[in-house]
Amino acid sequence: MDEEYDVIVLGTGLTECILSGIMAVNGKKVLHMDRNSYYGAESASITPLEDLYKRFGESLPEESMGRGRDWNVDLIPKFLMANGQLVRMLLITQVTRYLDFKVIEGSYVYKGAKIHKVPSTEFEALNSSLMGIFEKRRFKKFLTFISGYDEKDPKTREGVDPQKTTMRAVFQKFNLDQQVMDFTGHSLALYRTDDYLDQPCIDTINRIKLYSESLARYGKSPYLYPLYGLGELPQGFARLSAIYGGTYMLNKPIEEIVYENGKVIGVRSEGEVARCKQLICDPSYAPDRCQKVGQVVRAICLLDHPIPNTDDTNSCQIIIPQSQVHRKHDIYVCMVSSAHNVASKGKYIAIVNTTVETKDPEAELKPGLDLLGPITKKFVTVGDLYEPTDIGTESQIFISRSYDATTHFETTCDDIKDIYCRMTGSDFDFGEMERKKNDIFGDA
């Protein structure tokens with residue numbers, strides 16, 4: 001413990017574990033500690049089921065819930081975009097060796113008080129009840145334009161300037177109505193609010209391309225999910241860090257972060273000080289250097305049936321666009337099941353979440369909860385969202401952001417790239433994550 005490290009990492013959330021892995025692969029001496037006895041911090045999967053009930057102050061689960069060990073319940077619901085940044089990170093680091101994934105069976109959107117499947121093929125699009133026949137033609141033209149759009153090639157732009165034209169203007173160019181704008185912005189580009197409409201269109205164009213490319217990989221939906229739950233992801237990257245010499249300590253109470261002339265020099269735990277040049281941590285380890293920027297409300301619901309009107313799928317995502325329920329932020333529903341080794345046989349886990357807008361957060365989830373049918377057990381949490389007030393260039397302490405209400409990891413990956421850039425002074429390069437040809441520590 002009383003050694004000098006290049007980097008100390010506090011907390012084993014996904015952001016921290018990925019950064020720990022990257023630093024170790026790049027030859028840094030890393031010490032990684034967590035006050036909890038399990039990996040994952042805020043992004044953990046809780047097992048056995050008894051531990052989830054205890055966490056919420058409930059008595060033991062009913063026998064009908066099956067074996068407690070068969071459950072791995074995520075505290076934060078997210079899927080991976082099949083062609084997104086996190087999958088790229090997993091592939092380059094070869095952390096995929098330690099994980100198995102399944103494709104999420106379907107993506108749905110809520111419109112006019114009903115659930116509609118987000119079309120995943122041209123055939124589904126033509127038969128979809130989301131749009132009328134003329135809308136479908138215009139929408140097809142719009143998608144063809146998006147897939148061919150290249151900001152470096154003026155010929156593909158059709159007068160749409162990537163930095164100057166707003167997305168609202170692009171929708172108007174193709175005469176798309178409000179319903180199609182809602183569907184595109186929230187179900188394909190996966191925005192949580194409508195702010196994007198008056199911003200430069202390039203970000204939205206890239207988001208729709210990411211959705212299409214992710215969908216093209218597996219065909220059913222653009223989302224992937226790891227067997228045994230999201231808690232497997234931080235553990236995979238922690239393993240990578242350990243292979244490259246990173247030292248791990250769980251169940252380690254952190255007494256204080258030690259500074260000298262405003263710069264971090266180490267961490268005190270159980271009377272000893274481990275020294276470091278740089279420190280990475282989640283907001284809970286440095287609350288004085290963070291600010292609260294909002295809240296997320298999540299309801300973890302255990303079910304004994306799939307969500308009605310989703311073709312009896314074993315997994316799906318439902319997006320409730322804010323305009324459909326007169327809100328500022330979308331409501332998301334993620335469902336997984338025993339097919340993903342996260343619940344006992346015949347059981348399902350649906351998590352409904354959104355960004356808090358009122359004094360009664362649980363009531364804000366009602367449109368999502370109403371879609372689930374009978375709920376066997378429900379656990380509601382309201383979590384604060386924090387972001388760092390200290391960007392770390394002076395203090396050399398680099399704090400991650402809380403996990404937001406989005407149902408994918410793209411914003412988490414943006415945060416990882418941002419922290420990497422601030423720590424090293426150079427832009428994030430996926431190549432930096434590549435494992436060296438001969439792993440010194442083997443991979444036995």
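**Entry 1**

I began with helix H5 (residues 133-148), whose 16 residues reach 23 Å from first C-alpha to last, close to the 22 Å expected at 1.5 Å a residue. For my own record, the expected span is 1.5 Å times one less than the number of residues, and helices (H or I, at least four residues) and strands (E, at least two) are DSSP runs numbered from the N terminus. I am working on a predicted model, where local features need pLDDT of at least 70, side-chain atom pairs count only at pLDDT 80 or more, and totals for chains, interfaces and linings use all residues. Residues are numbered from 1 along each chain as its sequence is written, and side-chain values use heavy atoms, with hydrogens and water left out.

Which residues of H5 are buried? I found Glu 135, Lys 136, Phe 139, Phe 142, Phe 145 and Ile 146. Here buried means under 20% relative accessible area, exposed means over 50%, and partly exposed is in between (1.4 Å probe, protein chains only). The buried residues of H5 pack against helix H4 (122-127), helix H6 (154-157), helix H7 (167-173), helix H8 (178-188) and H9.

So that took me on to H9 (residues 202-218), which has 17 residues and reaches 25 Å, close to the 24 Å expected at 1.5 Å a residue. Its buried residues include Ile 205, Ile 208, Lys 209 and Leu 215. Just after H9, Gly 219 takes a positive phi of about 90°.

Next I looked up Ser 241, which sits in helix H10 (residues 232-243). Is Ser 241 buried or exposed? Ser 241 is buried, because its relative accessible area is 0%. Leaving out residues up to four places away in sequence, Ser 241 touches Ser 20, Gly 21, Ala 24, Val 30, Gly 246 and Tyr 248; contact means heavy atoms within 4.5 Å.

Ser 284 is in the loop between strand E13 (272-281) and E14. With 40% relative accessibility, Ser 284 counts as partly exposed. I also checked Ser 284 against Ser 120: they are 164 residues apart in sequence and 40 Å apart in space, C-alpha to C-alpha.

**Entry 1: strand pairing**

I then turned to an open sheet of three strands in the order E5-E9-E6, with antiparallel pairing. Two strands pair if DSSP finds at least two bridges between them. Strand E5 (80-81) and strand E6 (101-103) are the edge strands, each pairing on one side only. E6 is joined to strand E9 (residues 223-226) by three bridges, and Lys 102 has Tyr 225 in E9 as its bridge partner.

E14 was my next stop. E14 pairs with E18 over 12 bridges in the antiparallel sense, and Leu 302 stands opposite Lys 377 in E18. E14 also pairs with strand E17 (residues 348-355), again antiparallel, over eight bridges, with Val 296 opposite Thr 355 in E17.

How big is the largest pocket in volume? I noted about 720 Å³. Of its 29 lining residues, the closest to the centre are Arg 192, Leu 385, Arg 401, Asp 404 and Thr 411. Strand E14 (290-303), strand E18 (377-388) and helix H13 (410-424) each give two or more residues to this lining, and H13 gives the most, with five. By class, I have eight nonpolar, 12 polar and nine charged residues. In this scheme Ala, Val, Leu, Ile, Met, Phe, Trp, Tyr, Cys and Pro are nonpolar, Asp, Glu, Lys and Arg are charged, and the others, Gly among them, are polar.

My terms: on a 1 Å grid over the protein atoms alone, a cavity is a set of points where a 1.4 Å probe fits but cannot get out, and a pocket is an open set with protein on both sides within 12 Å along at least five of seven lines; lining residues have an atom within 4 Å of a point. Points are joined across faces, edges and corners, and a volume is the space filled by probe spheres set on them.

The second largest pocket has a volume of about 580 Å³. Closest to its centre are Ala 41, Glu 42, Ile 76, Gly 383 and Asp 384. E18 supplies the largest share of that lining, six residues.

**Entry 2: cavities**

Searching the whole structure gave me three cavities of 30 Å³ or more. The largest has a volume of about 80 Å³, and its lining includes Tyr 225, Cys 334 and Ile 351.
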